[in-house]
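Me: I'd like to go through this model with you piece by piece. Here it is.

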Amino acid sequence: MAKQKKSNITDITTFKNKIFYTKTDTETRELGKSFAKILKPKDIVFFNGNLGAGKTTFIQGILSFFGIKKFVRSASFMLVSEFETKVCPVYHLDLYRLDENNTLDLGIDEYLFGDGISLVEWCDRLKHYNIKQRWEINIDYTDNGRKIKIERFL
Ligand SMILES: Nc1ncnc2c1ncn2[C@@H]1O[C@H](COP(=O)(O)OP(=O)(O)O)[C@@H](O)[C@H]1O
Ligand SMILES: [Mg+2]
């Protein structure tokens with residue numbers, strides 16, 4: 001069997017319950033791109049962090065891994081952007097403007113519980129779904145740059 005160099009393996013343990021610091025938006029995008037390797041269809045990723053923390057920047061990195069170069073907007077004008085990729089659909093749900101009571105009307109369920117990967121900003125709007133199995137990414141400002149905590153819940 002061929003030997004594998006450990007440093008080249010990216011798997012769930014690379015990111016599960018880990019903290020990363022990024023000094024620039026490029027570093028955050030690179031982290032997102034690297035994290036994307038371990039995503040699978042039906043995965044849900046929740047993002048927490050204040051406006052301007054870097055949630056959309058991280059998501060841009062994830063999308064670039066899937067070959068999507070199209071600009072991903074940050075301004076929260078759109079609730080859901082849908083991207084077709086070779087693997088599965090990838091949904092960017094930016095729920096900043098969403099009222100908790102409107103999630104059903106908007107068919108948010110079809111994204112979350114469909115076959116795609118859902119990347120959710122302002123996931124507190126989805127509390128009532130009580131989603132257990134998920135990745136959760138928290139981004140904070142610190143003196144060392146952005147602190148990006150990645151957790152896995154099952
Ligand atoms: N280390 C960093 N990671 C991510 N974004 C950063 C970083 N340093 C500065 N920025 C800037 O902060 C802003 C983050 O914006 P954005 O990703 O849209 O945030 P959010 O989606 O959380 O509101 C961008 O203008 C980006 O250039
Ligand atoms: Mg955003």
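**Working through the model**

Reply: At 6% relative accessibility, Cys 123 counts as buried, because buried means under 20% relative accessible area, with exposed over 50% and partly exposed in between (1.4 Å probe, protein chains only).

Me: Before we go on, what kind of model is this, and what are the ground rules?

Reply: This is a predicted model, in which local features need pLDDT of at least 70 and side-chain atom pairs count only at pLDDT 80 or more, whereas totals for chains, interfaces and linings use all residues. Residues are numbered from 1 along each chain as its sequence is written, chains are lettered from A and ligands numbered from 1 in the order in which they are written, and side-chain values use heavy atoms, with hydrogens and water left out.

Me: Back to cysteines: is Cys 88 buried or exposed, and how many disulfides are there?

Reply: Cys 88 counts as buried, at 6% relative accessibility. The number of disulfides is zero, where a disulfide is a pair of cysteine sulfur atoms within 2.5 Å.

Me: OK, what's the overall layout of the protein chain?

Reply: The protein chain has four helices and seven strands, and along the sequence they follow the pattern α-β-α-β-α-β-β-α-β-β-β. Helices (H or I, at least four residues) and strands (E, at least two) are DSSP runs, numbered from the N terminus. Of the 154 residues, 45% count as buried.

Me: And how do the strands order themselves in the sheet?

Reply: The seven strands form an open sheet with the order 1-7-6-2-5-4-3 and mixed pairing, where two strands pair if DSSP finds at least two bridges between them. Strand 1 and strand 3 stand at the edges with a single partner strand each, so one side of each is left without a neighbour in the sheet. Direction ignored, neighbouring strands of this sheet are turned by 15° against each other on average; for such angles, axes are lines fitted to C-alpha atoms, for helices over the stretch in contact, and angles run from 0 to 180 degrees between N-to-C directions.

Me: How is strand 3 joined to strand 4?

Reply: A hairpin joins them through six residues, and strand 3 pairs with strand 4 (residues 90-94) in the antiparallel sense over four bridges. Within that pairing, the bridge partner of Glu 82 is Tyr 91 in strand 4.

Me: Now the other end. What does strand 7 pair with?

Reply: Strand 7 (residues 145-153) runs antiparallel to strand 1 (residues 18-22), with five bridges between them, and it is also antiparallel to strand 6, with nine bridges. Lys 18 stands opposite Ile 150 in strand 7, and Asp 140 stands opposite Lys 147. The hairpin from strand 6 to strand 7 passes through two residues.

Me: What does the side chain of Asn 138 do?

Reply: The side chain of Asn 138 makes a polar contact with the side chain of Asn 48, at 3.2 Å. A polar contact is a pair of N or O atoms within 3.5 Å; within protein, one must be able to donate a hydrogen and the other to accept it, and residues adjacent in sequence count only if both atoms are side-chain atoms. Asn 138 lies in strand 6 (residues 134-142), and its bridge partner in strand 7 is Lys 149.

Me: Last topic: which residues are the protein donors of the magnesium ion?

Reply: They are Thr 56 (OG1) and Glu 121 (OE), lying 2.1 to 2.2 Å from the magnesium ion (ligand 2). This pair links distant parts of the chain, with Thr 56 in helix 3 (residues 55-65) and Glu 121 in strand 5 (residues 117-121), 65 residues apart. Donors are N, O and S atoms within 2.8 Å of the metal (3.2 Å for Na, K and Ca), and water is not among the atoms, so sites may look incomplete.

Me: Are those two buried or exposed?

Reply: Thr 56 is buried, and Glu 121 is buried as well.
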